[in-house]
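Here is a short tour for anyone meeting this protein for the first time. Have a look at the sequence and the model, then read on.

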Amino acid sequence: MSYWTSRPTMPAIVVGCLVAVVVGSVLGWSFRTIYGPPKELRGEQKFATVKAVQGEVQKVIRLSVSATWSDGAAIPNQRSGTVTKVHINGVQRVESGDLLYDVDQIPVVAAEGAVPAFRDLVRGSKGADVEQLQTFLTSVGLRTGPANGELDGVTTRQVSAWHRSLGQEPTGEVLRGELLFIPKLPAKVALGGLITVASAVATSSPQVEGGIEAVSGLIMMPSRPTFSITLPPEQARIVAVGMEVVMHFADRDWKATVEKISTPSSDNNAVATLIGGKGETICGTQCGKVPVEGVTGIDGEIVIVPRAAGLVVPTAALVVDPTGLAAVTLDTGPQVKVVVKASAGGRAVVTGIKPGDAVRVPLS
(Lines give C-alpha, C1' and ligand atoms only; values in the text may rest on other atoms or scores of the structure.)
Protein backbone atom coordinates (compact mmCIF):
# COMPACT_ATOMS: atom_id res chain seq x y z
CA MET A 1 0.00 0.00 0.00
CA SER A 2 1.41 3.39 -0.90
CA TYR A 3 1.89 6.30 1.48
CA TRP A 4 -0.72 8.36 -0.27
CA THR A 5 -3.40 5.67 -0.12
CA SER A 6 -3.02 4.99 3.68
CA ARG A 7 -2.67 8.59 4.94
CA PRO A 8 -5.96 10.12 6.22
CA THR A 9 -7.25 12.96 4.24
CA MET A 10 -7.96 16.36 5.82
CA PRO A 11 -11.73 15.93 5.69
CA ALA A 12 -11.44 12.61 7.49
CA ILE A 13 -9.39 14.20 10.27
CA VAL A 14 -11.97 16.95 10.71
CA VAL A 15 -14.79 14.44 10.83
CA GLY A 16 -12.93 12.30 13.36
CA CYS A 17 -12.36 15.30 15.60
CA LEU A 18 -16.00 16.21 15.48
CA VAL A 19 -17.00 12.66 16.35
CA ALA A 20 -14.60 12.65 19.30
CA VAL A 21 -15.97 15.92 20.58
CA VAL A 22 -19.55 14.69 20.30
CA VAL A 23 -18.76 11.37 21.99
CA GLY A 24 -16.89 13.11 24.79
CA SER A 25 -19.74 15.51 25.36
CA VAL A 26 -22.23 12.69 25.51
CA LEU A 27 -20.07 10.73 27.96
CA GLY A 28 -19.52 13.81 30.12
CA TRP A 29 -23.24 14.59 30.18
CA SER A 30 -24.01 10.97 31.11
CA PHE A 31 -21.47 11.06 33.96
CA ARG A 32 -22.83 14.29 35.36
CA THR A 33 -26.39 13.04 35.04
CA ILE A 34 -25.70 9.79 36.87
CA TYR A 35 -23.18 10.89 39.49
CA GLY A 36 -23.58 14.63 39.84
CA PRO A 37 -26.25 16.37 41.96
CA PRO A 38 -29.39 17.21 40.03
CA LYS A 39 -29.74 20.82 39.18
CA GLU A 40 -33.10 21.04 40.91
CA LEU A 41 -31.71 19.56 44.15
CA ARG A 42 -29.22 22.36 44.57
CA GLY A 43 -32.05 24.85 44.79
CA GLU A 44 -34.43 22.62 46.85
CA GLN A 45 -36.12 24.25 49.89
CA LYS A 46 -34.76 23.18 53.28
CA PHE A 47 -37.99 23.90 55.15
CA ALA A 48 -41.68 23.18 55.18
CA THR A 49 -44.44 25.65 55.92
CA VAL A 50 -47.15 25.25 58.52
CA LYS A 51 -50.06 27.61 59.14
CA ALA A 52 -50.70 28.97 62.63
CA VAL A 53 -54.11 27.77 63.82
CA GLN A 54 -56.19 28.05 66.96
CA GLY A 55 -55.60 25.23 69.42
CA GLU A 56 -54.33 24.36 72.89
CA VAL A 57 -51.46 22.55 74.55
CA GLN A 58 -51.10 20.76 77.87
CA LYS A 59 -48.82 18.15 79.36
CA VAL A 60 -49.84 15.74 82.11
CA ILE A 61 -48.43 12.51 83.46
CA ARG A 62 -50.80 9.88 84.78
CA LEU A 63 -49.93 8.12 88.03
CA SER A 64 -51.78 6.47 90.90
CA VAL A 65 -52.44 8.57 94.00
CA SER A 66 -52.35 6.74 97.35
CA ALA A 67 -55.01 7.74 99.90
CA THR A 68 -54.33 6.55 103.47
CA TRP A 69 -55.99 7.16 106.80
CA SER A 70 -53.43 7.47 109.58
CA ASP A 71 -53.92 5.18 112.53
CA GLY A 72 -56.20 6.63 115.22
CA ALA A 73 -56.99 5.68 118.79
CA ALA A 74 -59.20 2.65 119.28
CA ILE A 75 -62.34 2.71 121.42
CA PRO A 76 -62.83 -0.97 122.39
CA ASN A 77 -66.21 -2.62 122.16
CA GLN A 78 -67.66 -3.41 125.62
CA ARG A 79 -70.37 -5.89 124.68
CA SER A 80 -70.15 -9.60 123.97
CA GLY A 81 -72.32 -11.25 121.38
CA THR A 82 -73.01 -11.21 117.65
CA VAL A 83 -73.10 -8.08 115.52
CA THR A 84 -76.60 -7.96 114.06
CA LYS A 85 -76.50 -4.54 112.37
CA VAL A 86 -74.08 -1.73 111.57
CA HIS A 87 -75.08 1.92 111.33
CA ILE A 88 -71.80 3.46 110.11
CA ASN A 89 -70.46 3.33 106.58
CA GLY A 90 -66.82 4.29 106.15
CA VAL A 91 -65.59 7.34 108.01
CA GLN A 92 -68.46 9.19 109.62
CA ARG A 93 -68.99 12.12 111.94
CA VAL A 94 -70.88 11.04 115.03
CA GLU A 95 -72.50 12.97 117.84
CA SER A 96 -73.89 12.00 121.22
CA GLY A 97 -76.85 9.67 120.76
CA ASP A 98 -75.88 8.36 117.32
CA LEU A 99 -76.30 4.62 116.74
CA LEU A 100 -73.04 2.80 115.96
CA TYR A 101 -73.85 -0.92 115.65
CA ASP A 102 -76.13 -3.55 117.24
CA VAL A 103 -74.96 -6.51 119.30
CA ASP A 104 -77.61 -9.19 119.80
CA GLN A 105 -80.12 -6.63 118.43
CA ILE A 106 -79.32 -4.14 121.19
CA PRO A 107 -77.96 -0.81 119.85
CA VAL A 108 -74.55 0.44 120.87
CA VAL A 109 -74.81 4.24 121.12
CA ALA A 110 -72.16 6.98 121.09
CA ALA A 111 -71.82 9.05 124.27
CA GLU A 112 -69.16 11.49 125.46
CA GLY A 113 -66.98 10.49 128.37
CA ALA A 114 -63.42 9.74 129.40
CA VAL A 115 -64.30 6.72 131.56
CA PRO A 116 -64.97 3.57 129.51
CA ALA A 117 -68.00 1.42 130.23
CA PHE A 118 -66.90 -1.30 132.63
CA ARG A 119 -70.11 -2.44 134.37
CA ASP A 120 -73.88 -2.56 134.16
CA LEU A 121 -75.46 0.63 135.52
CA VAL A 122 -78.43 -0.17 137.75
CA ARG A 123 -80.48 1.79 140.26
CA GLY A 124 -78.22 2.85 143.11
CA SER A 125 -75.00 2.85 141.05
CA LYS A 126 -72.75 5.81 141.75
CA GLY A 127 -69.63 7.13 140.10
CA ALA A 128 -68.11 9.00 137.17
CA ASP A 129 -69.66 6.59 134.66
CA VAL A 130 -73.14 7.39 136.06
CA GLU A 131 -72.37 11.10 135.76
CA GLN A 132 -71.42 10.49 132.11
CA LEU A 133 -74.74 8.66 131.61
CA GLN A 134 -76.65 11.63 133.05
CA THR A 135 -74.73 14.05 130.82
CA PHE A 136 -75.66 11.84 127.87
CA LEU A 137 -79.34 11.94 128.82
CA THR A 138 -79.11 15.74 128.90
CA SER A 139 -77.51 15.78 125.43
CA VAL A 140 -80.42 13.82 123.93
CA GLY A 141 -83.04 16.02 125.59
CA LEU A 142 -84.22 13.61 128.30
CA ARG A 143 -82.72 15.30 131.37
CA THR A 144 -82.77 18.90 132.58
CA GLY A 145 -81.24 18.67 136.04
CA PRO A 146 -77.54 18.56 136.94
CA ALA A 147 -75.50 15.37 136.75
CA ASN A 148 -75.07 14.17 140.34
CA GLY A 149 -73.37 10.82 139.62
CA GLU A 150 -76.15 8.75 141.25
CA LEU A 151 -78.54 6.51 139.32
CA ASP A 152 -81.65 7.46 141.30
CA GLY A 153 -85.34 7.09 140.48
CA VAL A 154 -85.37 10.14 138.21
CA THR A 155 -82.42 8.86 136.22
CA THR A 156 -84.03 5.41 136.00
CA ARG A 157 -87.17 6.89 134.43
CA GLN A 158 -85.04 8.89 132.00
CA VAL A 159 -83.16 5.75 130.96
CA SER A 160 -86.49 3.97 130.36
CA ALA A 161 -87.61 6.85 128.15
CA TRP A 162 -84.36 6.58 126.18
CA HIS A 163 -84.89 2.82 125.71
CA ARG A 164 -88.42 3.37 124.44
CA SER A 165 -87.09 5.90 121.88
CA LEU A 166 -84.88 3.11 120.52
CA GLY A 167 -87.68 0.55 120.45
CA GLN A 168 -86.07 -1.37 123.32
CA GLU A 169 -87.54 -2.77 126.52
CA PRO A 170 -87.59 0.07 129.12
CA THR A 171 -85.65 -1.62 131.92
CA GLY A 172 -84.28 1.58 133.47
CA GLU A 173 -80.84 -0.06 133.51
CA VAL A 174 -77.92 0.38 131.12
CA LEU A 175 -76.07 -2.80 130.25
CA ARG A 176 -72.31 -2.64 129.96
CA GLY A 177 -71.42 -1.46 126.48
CA GLU A 178 -74.83 -0.09 125.50
CA LEU A 179 -73.11 3.26 125.63
CA LEU A 180 -69.70 3.45 123.99
CA PHE A 181 -67.98 6.37 125.66
CA ILE A 182 -65.84 8.55 123.37
CA PRO A 183 -63.55 11.17 124.94
CA LYS A 184 -64.71 14.06 122.75
CA LEU A 185 -67.80 14.46 120.57
CA PRO A 186 -68.58 15.16 117.82
CA ALA A 187 -65.81 13.08 116.26
CA LYS A 188 -64.94 11.32 113.04
CA VAL A 189 -64.89 7.57 113.54
CA ALA A 190 -64.84 4.33 111.61
CA LEU A 191 -65.84 0.85 112.67
CA GLY A 192 -63.04 -1.49 113.62
CA GLY A 193 -62.30 -4.42 111.36
CA LEU A 194 -64.21 -6.93 113.50
CA ILE A 195 -67.47 -4.98 113.53
CA THR A 196 -69.27 -6.59 110.63
CA VAL A 197 -72.68 -8.22 110.50
CA ALA A 198 -72.61 -11.80 111.87
CA SER A 199 -69.20 -11.31 113.51
CA ALA A 200 -68.79 -12.47 117.08
CA VAL A 201 -67.37 -9.76 119.32
CA ALA A 202 -66.17 -9.73 122.89
CA THR A 203 -65.18 -7.13 125.44
CA SER A 204 -61.47 -7.92 125.16
CA SER A 205 -59.45 -5.83 122.70
CA PRO A 206 -57.59 -6.17 120.50
CA GLN A 207 -58.69 -9.47 118.99
CA VAL A 208 -57.08 -11.55 116.28
CA GLU A 209 -58.82 -12.59 113.10
CA GLY A 210 -57.03 -14.50 110.36
CA GLY A 211 -53.73 -14.01 112.13
CA ILE A 212 -54.08 -10.21 111.98
CA GLU A 213 -54.73 -8.05 115.02
CA ALA A 214 -57.99 -6.18 114.51
CA VAL A 215 -60.08 -3.72 116.47
CA SER A 216 -63.47 -4.63 117.88
CA GLY A 217 -65.16 -1.29 118.37
CA LEU A 218 -64.44 2.15 116.94
CA ILE A 219 -61.37 3.80 115.48
CA MET A 220 -60.99 7.52 116.06
CA MET A 221 -60.05 9.06 112.74
CA PRO A 222 -58.24 12.24 111.70
CA SER A 223 -60.29 14.84 109.86
CA ARG A 224 -58.97 13.71 106.47
CA PRO A 225 -56.87 11.02 104.79
CA THR A 226 -53.39 11.78 103.48
CA PHE A 227 -52.63 11.74 99.75
CA SER A 228 -49.27 10.97 98.13
CA ILE A 229 -47.76 9.85 94.81
CA THR A 230 -44.76 7.56 94.33
CA LEU A 231 -42.57 9.06 91.60
CA PRO A 232 -40.25 6.83 89.57
CA PRO A 233 -36.94 8.55 88.66
CA GLU A 234 -38.03 9.69 85.19
CA GLN A 235 -41.14 11.38 86.62
CA ALA A 236 -39.36 12.77 89.69
CA ARG A 237 -37.07 14.76 87.40
CA ILE A 238 -39.96 16.77 85.92
CA VAL A 239 -42.38 17.07 88.87
CA ALA A 240 -42.00 20.17 91.03
CA VAL A 241 -43.55 21.60 94.19
CA GLY A 242 -46.64 23.65 93.39
CA MET A 243 -47.81 21.60 90.42
CA GLU A 244 -51.51 20.83 90.21
CA VAL A 245 -52.82 17.29 90.61
CA VAL A 246 -56.28 16.15 89.52
CA MET A 247 -57.71 12.94 90.97
CA HIS A 248 -60.70 11.01 89.62
CA PHE A 249 -62.59 9.34 92.47
CA ALA A 250 -65.98 7.77 91.75
CA ASP A 251 -67.92 10.51 89.95
CA ARG A 252 -65.89 13.40 91.39
CA ASP A 253 -62.69 15.21 90.44
CA TRP A 254 -60.52 16.27 93.37
CA LYS A 255 -57.84 18.92 92.92
CA ALA A 256 -54.65 19.12 94.93
CA THR A 257 -51.18 20.65 94.84
CA VAL A 258 -47.76 19.05 95.27
CA GLU A 259 -46.69 20.28 98.72
CA LYS A 260 -43.29 18.63 98.97
CA ILE A 261 -41.19 15.93 97.34
CA SER A 262 -39.09 13.55 99.42
CA THR A 263 -35.58 12.54 98.54
CA PRO A 264 -35.37 9.30 96.56
CA SER A 265 -35.56 6.11 98.62
CA SER A 266 -33.36 3.05 98.24
CA ASP A 267 -35.29 2.08 95.10
CA ASN A 268 -34.71 5.58 93.64
CA ASN A 269 -38.39 6.46 93.89
CA ALA A 270 -39.40 9.80 95.38
CA VAL A 271 -42.72 10.57 97.11
CA ALA A 272 -44.81 13.67 96.44
CA THR A 273 -47.11 14.74 99.30
CA LEU A 274 -50.30 16.54 98.29
CA ILE A 275 -52.37 19.26 99.95
CA GLY A 276 -55.65 20.95 99.15
CA GLY A 277 -55.83 24.42 97.70
CA LYS A 278 -56.25 27.48 99.94
CA GLY A 279 -56.36 25.41 103.11
CA GLU A 280 -59.23 23.25 101.87
CA THR A 281 -59.52 19.50 102.30
CA ILE A 282 -58.70 17.61 99.10
CA CYS A 283 -61.68 15.29 99.38
CA GLY A 284 -64.09 17.86 100.86
CA THR A 285 -67.34 16.27 102.00
CA GLN A 286 -66.44 13.01 100.24
CA CYS A 287 -63.58 12.00 102.58
CA GLY A 288 -65.80 9.48 104.34
CA LYS A 289 -66.05 7.48 101.12
CA VAL A 290 -62.33 6.72 101.08
CA PRO A 291 -61.90 3.18 102.51
CA VAL A 292 -60.47 3.23 106.02
CA GLU A 293 -58.31 0.13 105.86
CA GLY A 294 -55.18 -0.20 103.74
CA VAL A 295 -54.12 2.07 100.89
CA THR A 296 -56.63 3.21 98.28
CA GLY A 297 -55.31 3.81 94.77
CA ILE A 298 -56.91 6.73 92.91
CA ASP A 299 -56.30 7.62 89.26
CA GLY A 300 -54.48 10.93 89.11
CA GLU A 301 -52.84 13.36 86.71
CA ILE A 302 -49.96 15.69 87.51
CA VAL A 303 -50.21 18.81 85.38
CA ILE A 304 -46.68 19.46 84.11
CA VAL A 305 -47.74 22.16 81.63
CA PRO A 306 -51.08 23.82 82.41
CA ARG A 307 -53.60 24.00 79.59
CA ALA A 308 -53.08 27.06 77.36
CA ALA A 309 -55.09 28.08 74.30
CA GLY A 310 -54.28 30.35 71.36
CA LEU A 311 -52.40 30.24 68.06
CA VAL A 312 -50.42 27.03 67.82
CA VAL A 313 -47.25 26.48 65.79
CA PRO A 314 -44.69 23.64 65.83
CA THR A 315 -41.95 24.25 68.39
CA ALA A 316 -39.48 23.44 65.59
CA ALA A 317 -40.57 26.70 63.94
CA LEU A 318 -39.25 28.76 66.87
CA VAL A 319 -35.90 30.48 66.43
CA VAL A 320 -33.92 33.02 68.40
CA ASP A 321 -33.66 36.43 66.77
CA PRO A 322 -30.51 38.61 66.97
CA THR A 323 -31.79 40.23 70.18
CA GLY A 324 -32.16 36.85 71.89
CA LEU A 325 -35.95 36.77 71.76
CA ALA A 326 -38.17 34.04 70.34
CA ALA A 327 -39.25 34.48 66.74
CA VAL A 328 -40.68 32.63 63.77
CA THR A 329 -39.81 33.01 60.11
CA LEU A 330 -42.79 33.66 57.91
CA ASP A 331 -43.04 31.89 54.58
CA THR A 332 -42.77 35.31 52.93
CA GLY A 333 -39.28 35.71 54.41
CA PRO A 334 -39.23 38.08 57.41
CA GLN A 335 -38.71 37.03 61.02
CA VAL A 336 -41.41 38.02 63.50
CA LYS A 337 -40.95 38.18 67.26
CA VAL A 338 -43.39 36.05 69.26
CA VAL A 339 -44.19 35.40 72.90
CA VAL A 340 -44.39 31.71 73.86
CA LYS A 341 -47.25 31.18 76.32
CA ALA A 342 -46.76 27.41 76.67
CA SER A 343 -45.26 24.48 74.84
CA ALA A 344 -45.73 20.73 75.06
CA GLY A 345 -45.72 17.74 72.76
CA GLY A 346 -43.84 19.53 69.97
CA ARG A 347 -46.36 22.38 69.79
CA ALA A 348 -46.32 25.90 71.20
CA VAL A 349 -48.97 28.53 71.85
CA VAL A 350 -47.63 31.94 70.76
CA THR A 351 -48.72 35.52 70.35
CA GLY A 352 -47.37 38.00 67.81
CA ILE A 353 -48.65 36.48 64.57
CA LYS A 354 -52.04 36.23 62.93
CA PRO A 355 -54.24 33.16 62.33
CA GLY A 356 -53.33 31.58 59.01
CA ASP A 357 -49.78 32.97 58.92
CA ALA A 358 -47.51 30.33 57.37
CA VAL A 359 -44.27 29.80 59.32
CA ARG A 360 -41.18 27.95 58.20
CA VAL A 361 -40.25 24.67 59.86
CA PRO A 362 -36.73 23.41 59.12
CA LEU A 363 -36.54 19.97 57.57
CA SER A 364 -34.31 17.48 59.30
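How many bridges join β3 to strand β13, and do the two run parallel or antiparallel? Three bridges link β3 to β13 (residues 217-220), and the two strands run antiparallel.

## Before we go further

This is a predicted model: local features need pLDDT of at least 70, side-chain atom pairs count only at pLDDT 80 or more, and totals for chains, interfaces and linings use all residues. Residues are numbered from 1 along each chain as its sequence is written, and side-chain values use heavy atoms, with hydrogens and water left out.

## A four-stranded sheet

Strands here are DSSP runs of E with at least two residues, numbered from the N terminus, and two strands pair if DSSP finds at least two bridges between them. With that in hand, β3 and β13 belong to an open sheet of four strands, in the order β3-β13-β9-β5, with antiparallel pairing. At its edges sit β3 (74-76) and β5 (92-94), each of which pairs on one side only. On average, neighbouring strands of this sheet are turned by 40° against each other, direction ignored; the axes behind that angle are lines fitted to C-alpha atoms.

Ser-199 is buried, as its relative accessible area is 13% (buried means under 20%, exposed over 50%, partly exposed in between, with a 1.4 Å probe and protein chains only). Its side chain makes a polar contact of 2.4 Å with the side chain of Thr-196. A polar contact is a pair of N or O atoms within 3.5 Å; within protein, one must be able to donate a hydrogen and the other to accept it, and residues adjacent in sequence count only if both atoms are side-chain atoms.

Ala-198 is in this loop between β9 and β10 too, but it counts as exposed, because its relative accessibility is 62%.

Most residues other than glycine have a negative phi, and most peptide bonds are trans. Ala-198 has a positive phi, near 80°. Ala-250 has a positive phi as well, near 55°; Ala-250 lies in the loop between β15 (244-249) and β16 (252-261) and is exposed, at 73% relative accessibility.

Then there's the cis peptide bond between Leu-185 and Pro-186, with omega at about 0°. Look for Pro-186 in the loop between β8 (179-182) and β9.

On a 1 Å grid over the protein atoms alone, a cavity is a set of points where a 1.4 Å probe fits but cannot get out, while a pocket is an open set with protein on both sides within 12 Å along at least five of seven lines; lining residues have an atom within 4 Å of a point. Grid points are joined across faces, edges and corners, and a volume is the space filled by probe spheres set on the points.

The whole structure has one cavity of 30 Å³ or more. The largest cavity holds about 70 Å³ of space, and its lining includes Phe-118, Asp-129 and Phe-181.

The second largest pocket has a volume of about 150 Å³. Among its lining residues are Arg-224, Phe-227 and Ile-282, and β14 (226-231) and β17 (270-275) each supply at least two residues of that lining.

Technical notes
Axes fitted to C-alpha atoms, helices over the stretch in contact; angles between N-to-C directions.
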